Amino acid sequence: GFCVLYEKEGALREVTARYLVGADGAGSLVRRAFFPEVSIRRYVAIQQWFPDENPNPFYSCVFDPDTSDCCSWSISKDNHFIYGGAFAPKNCRAMFERQKETCARFGFRFPEPVKTEACLASVCVFT
């Protein structure tokens with residue numbers, strides 16, 4: 001089991017458990033403590049919002065090994081079509097645009113985007 005010490009309202013508390021789950025992402029303190037050898041891959045997640053031209057909600061998961069070793073996604077939300085994916089930091093925007101061009105050949109429509117969002121993303125790689 002595990003024994004976790006923490007402070008609450010100035011008092012030191014203790015809790016024991018049979019299992020310990022770190023649900024705070026790839027940079028998890030629990031992951032670093034118990035699996036220090038696990039490597040972290042860094043990506044740039046990019047997504048764009050477009051006016052939704054589809055008569056029905058549309059959701060997809062896209063795998064394009066020519067542009068990324070991660071998946072991309074599309075969702076319908078609040079009268080918008082959102083397309084995004086995770087890309088290696090080097091040339092991430094070019095790979096995102098290249099992936100959109102490939103998807104357009106399969107019927108995806110990308111009018112002028114309403115907004116573009118991006119953030120860094122980390123992924124644990126267990127081998």
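**Note on aromatic and polar side-chain contacts**

1. In this predicted model, the charged end of lysine 115 sits over the ring of tryptophan 49, at 4.3 Å from the ring centre.

2. Glutamine 47 belongs to strand β3, residues 39–51. Its relative accessible area is 18%, under the 20% limit, and the residue therefore counts as buried.

3. The side chain of glutamine 47 makes a polar contact of 2.7 Å with that of glutamate 117 and another, of 3.1 Å, with that of tryptophan 73.

4. Twelve aromatic pairs are present in the structure. In one of them, the ring centres of phenylalanine 2 and phenylalanine 34 are 5.5 Å apart with planes at 90°, so the arrangement is edge-to-face. This pair links distant parts of the chain, 32 residues apart: phenylalanine 2 is in strand β1 (residues 2–8) and phenylalanine 34 in helix α1 (residues 29–34). Both are partly exposed, with relative accessible areas of 28% for phenylalanine 2 and 44% for phenylalanine 34.

5. Tyrosine 83 and phenylalanine 110 also pair edge-to-face, with ring centres 5.4 Å apart and planes at 75°. Because tyrosine 83 lies in strand β6 (residues 80–87) and phenylalanine 110 in the loop between α2 (92–104) and β7 (115–125), the pair ties together parts 27 residues apart in sequence. Tyrosine 83 is buried, at 0% relative accessibility.

6. Ring pairs join tyrosine 83 and phenylalanine 110 into a cluster whose members also include Phe50, Phe58, Phe81 and Phe96.

Note on methods:
Residues numbered from 1 in each chain as written. Predicted model: local features only at pLDDT ≥ 70, side-chain atom pairs only at ≥ 80, totals over all residues. Heavy atoms only, no water. Helix = DSSP H or I, 4+ residues; strand = E, 2+ residues; numbered from the N terminus. Buried < 20%, exposed > 50% of the residue type's maximum accessible area, 1.4 Å probe, protein only. Polar contact = N/O pair within 3.5 Å; in protein donor to acceptor, adjacent residues only side chain to side chain. Phe/Tyr/Trp six-rings, centres within 6.5 Å; stacked < 30°, edge-to-face > 60°. Lys NZ or Arg CZ within 6 Å of the ring centre and 35° of its normal.
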